[in-house]
Amino acid sequence: MSGINYNPFEIAQEQFDKAASILELDSGTRELLRQPMREFHFTVPVKMDDGSTKVFKAFRIQHNDARGPAKGGIRFHPHETADTVRALSMWMTWKCAVVDIPLGGGKGGVICDPHNLSAAEQERLCRGYIRQIYKQLGPNLDVPAPDVMTNSQHMLWMLDEYETITGGRYPGMITGKPVGMGGSLGRTEATGYGVIYVLKAFLDQINQPIDSTTASIQGFGNVAEYAARKYTELGGRVIAVSCWNQSDARAYTFRKETGCDIDQLAAIKDSFGSIDKEKALELGYELLPGDDWIKQDVDILIPAALENQITPAVFPNISSRVSIICEAANGPTTPDCDSLILQKGIALLPDFLCNAGGVTCSYFEQVQSNMNYFWDKDEVHQKLERSMKKAFRAVYELAEEKNLYMRNAAYIIAINRVAHAVRLRGWV
Ligand code: NAD
């Protein structure tokens with residue numbers, strides 16, 4: 001990458017400021033929305049298996065809850081920072097607003113590496129986290145979910161601790177629960193499928209049949225795999241996917257000119273989304289450096305792994321054939337790249353619209369949990385497709401009408417909805 005240190009909160013504020021200026025937002029609303037409303041920084045003491053006590057730093061940040069309870073994941077990461085959690089909580093507000101679900105934005109994090117914690121230590125950390133913050137959480141206050149390095153088991157421990165303390169059953173207090181324990185069918189596929197519902201809606205608008213297109217994808221984790229599955233199911237051809245290889249401590253790109261077989265690659269990947277390179281070579285895949293996913297001569301780039309991947313430093317590597325960047329990851333493009341994308345005439349489908357399928361399905365889970373009645377998978381996917389396409393159409397139509405970059409159009413819709421709620425409540 002370029003070596004520039006991108007601060008996610010500064011990026012989130014810069015993107016917000018751009019849209020707020022286009023919107024001519026009044027100074028009070030601007031001041032309120034460009035920072036979180038509430039931040040909780042706390043410590044979680046955990047009894048370790050060897051009898052010692054380790055103290056973990058943790059956060060829960062609620063950016064805005066004018067449209068409904070705050071919603072957002074809890075990450076376990078050794079390099080977690082307050083600014084990352086702030087930025088992510090802000091992006092959650094816009095994400096929920098752009099798909100028009102009645103939720104606000106929040107995010108949580110613990111500075112830790114779960115790889116170095118036993119299952120029992122992780123359980124005590126989850127329960128300890130809830131003991132410190134439970135008064136600020138709840139189905140009507142703030143609803144956490146899994147995120148980086150947290151999963152459905154962590155969510156269930158957290159729910160159990162919350163219910164033990166509060167003395168009731170509140171399955172709508174958290175989402176990402178295991179199916180059968182309040183989880184929703186279809187959640188695993190939701191983010192990746194949602195990305196492709198948006199992409200397909202855009203291709204329909206520009207009259208480009210999806211089965212005439214090719215794509216290169218960064219990542220092969222939850223989002224990337226299901227995006228690749230839905231894209232190929234609809235007739236698209238994935239030429240390359242890249243992923244991180246833990247044992248070599250480097251990334252690789254796997255390419256097959258005739259099109260990657262997603263079932264085949266999924267069968268040789270581990271639970272962290274790393275593809276076995278020996279097996280891939282045997283199956284006839286070319287093995288290229290990790291950064292080469294961006295250099296492929298394809299119609300569509302789908303960054304679905306990490307933030308800050310498309311920077312001015314790597315932008316010249318993008319093939320002249322690329323006409324669409326479909327942002328599946330959070331923040332994969334740095335703000336200093338937006339003008340280059342515009343100049344090159346590439347259509348950008350922005351992250352908080354593209355990857356909103358996950359939170360939309362989390363909302364469906366909360367609805368199902370609250371009424372204690374669960375839908376089948378087809379019903380979940382149909383509702384998801386409808387929500388994603390509706391959200392895309394609103395963004396696309398505004399962008400067309402006002403000649404706006406789609407990221408700005410998405411921000412304008414989201415910020416307008418939140419600003420409206422804030423004004424109706426009389427906060428500004
Ligand atoms: P994941 O952990 O399941 O997968 C991450 C993938 O990225 C893995 O295949 C990994 O090998 C790959 N990767 C890591 N470093 C890489 C590198 N340097 N080069 C190439 N590949 C690399 O994560 P995920 O859940 O799929 O999330 C991916 C992105 O989507 C993140 O930005 C996340 O915040 C965002 N997102 C996820 C969801 C969700 O529901 N999972 C929802 C919204 C946004």
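This is a predicted model: local features need pLDDT of at least 70, side-chain atom pairs count only at pLDDT 80 or more; totals for chains, interfaces and linings use all residues.
Buried area, as I use it today, is the accessible area, taken with a 1.4 Å probe, that two parts lose on being put together, summed over both.

First, the layout. The protein chain is assigned domain 1, residues 36–181, and domain 2, residues 188–354. Their C-alpha centres sit 29 Å apart.

Now the interface. How much area is buried between domain 1 and domain 2? About 540 Å². Carbon and sulfur atoms supply 72% of that. On the domain 1 side, W91, K95 and V98 lose the most area to domain 2. Together those three make up 63% of what that side buries. In contact terms, six residues of domain 1 meet four of domain 2.

What about polar links? Salt bridges between the two domains: zero. Polar contact across the interface: one residue pair, with both residues at pLDDT 80 or more. By class, the domain 1 side that touches domain 2 has four nonpolar residues, one polar and one charged.

Which backbone atoms lie by the ligand's oxygens? Take F220: a polar backbone atom is 2.9 Å from a ligand oxygen. For N222, a backbone N or O atom lies 3.0 Å from a ligand oxygen. For V223, a backbone N or O atom is at 2.9 Å from a ligand oxygen. As for cover, the ligand taken alone exposes 830 Å², and the protein buries 76% of that.

Technical notes. Residues are numbered from 1 along each chain as its sequence is written. Side-chain values use heavy atoms; hydrogens and water are left out. Domain bounds come from an automatic or database domain assignment. Contact means heavy atoms within 4.5 Å. A salt bridge is a side-chain nitrogen of Lys or Arg within 4 Å of a carboxyl oxygen of Asp or Glu. A polar contact is a pair of N or O atoms within 3.5 Å; within protein, one must be able to donate a hydrogen and the other to accept it, and residues adjacent in sequence count only if both atoms are side-chain atoms. Ala, Val, Leu, Ile, Met, Phe, Trp, Tyr, Cys and Pro count as nonpolar, Asp, Glu, Lys and Arg as charged, and the others, Gly among them, as polar. Accessible areas come from the Shrake-Rupley method with a 1.4 Å probe; for residues, only the protein chains shown count as cover.
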